[in-house]
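Please read this short report alongside the model.

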Amino acid sequence: MATKKATVTIPEDLLDEIRAEAAERGLWAYIAEALRFKRDRLLELVDWLQEEHGPVTEEERAAAFQELEDLDAEHEQRRAIGKHNAGEAA
C-alpha cells in the first residue's frame with residue numbers, strides 16, 4: 001500500500017496517551033487504524049441515515065455545506081476576537 005508523509009499537531013497529553021496505547025504496534029500504525037475506524041463508522045452512519053430517511057438531495061447537501069461554512073466563519077471570528085482581547089491584556 002502506498003503511503004504519504006503528513007505532519008499533524010496533537011495536544012501533548014493526547015499524544016502521550018496514544019503512545020502508551022500504541023505500544024508495540026507503533027504510533028503511526030495506531031493513528032492510521034484509528035482514522036480508518038472513524039471513517040468507516042462515519043460511512044456506516046451515512047448509510048444508515050440514508051436507509052432511514054432517503055438519499056440527501058443536492059439542496060440539502062448545499063445547505064449543510066453552507067451551515068458548515070457559516071460555523072467556520074463564526075469560529076474564526078471568535079478566535080480573532082480572542083487573540084485581539086489577549087493582546088490588549090498583555
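Does Ala-23 count as exposed or buried? Ala-23 counts as exposed, because its relative accessibility is 54%. Here buried means under 20% relative accessible area, exposed means over 50%, and partly exposed lies in between, with a 1.4 Å probe and protein chains only. Ala-23 sits in the loop between helix 1 and helix 2. Its phi is near 40°, a positive value in a residue other than glycine.

This is a predicted model: local features need pLDDT of at least 70, side-chain atom pairs count only at pLDDT 80 or more, and totals for chains, interfaces and linings use all residues. Residues are numbered from 1 along each chain as its sequence is written, and side-chain values use heavy atoms, with hydrogens and water left out.

**Helices**

The protein has 3 helices and 0 strands. Along the sequence the pattern reads α-α-α. Helices (H or I, at least four residues) and strands (E, at least two) are DSSP runs, numbered from the N terminus.

Helix 2 covers residues 27-53. Its 27 residues should span 39 Å at 1.5 Å a residue, and its end C-alpha atoms are 39 Å apart, which agrees. The expected span is 1.5 Å times one less than the number of residues. Gly-54 follows helix 2, and its phi is positive, near 85°.

**Core**

Leu-27, Tyr-30 and Ile-31 are buried in helix 2. The buried residues of helix 2 pack against helix 1 (12-22). The largest nonpolar core has 6 residues: Leu-15, Ile-18, Ala-22, Leu-27, Tyr-30 and Ile-31. Helix 1 and helix 2 each supply at least two residues of this core. A nonpolar core is a set of buried Ala, Val, Leu, Ile, Met, Phe, Trp, Tyr and Cys residues joined through side-chain atoms within 4.5 Å. In soluble globular proteins, nonpolar side chains tend to be buried together.

Leu-15 is in contact (heavy atoms within 4.5 Å) with Ile-10 and Leu-27, leaving aside its neighbours within four places in sequence.

**Whole protein**

| Property | Value |
|---|---|
| Radius of gyration of the protein | 19 Å |
| Box filled by the C-alpha atoms | roughly 50 × 45 × 25 Å, along the principal axes |
| Accessible surface of the protein | about 8500 Å² |

The radius of gyration is taken over C-alpha atoms, and the globule rule is 2.2 Å times the number of residues to the power 0.38. Carbon and sulfur atoms hold 56% of the accessible surface. Accessible areas come from the Shrake-Rupley method with a 1.4 Å probe. Of the 90 residues, 7% count as buried.
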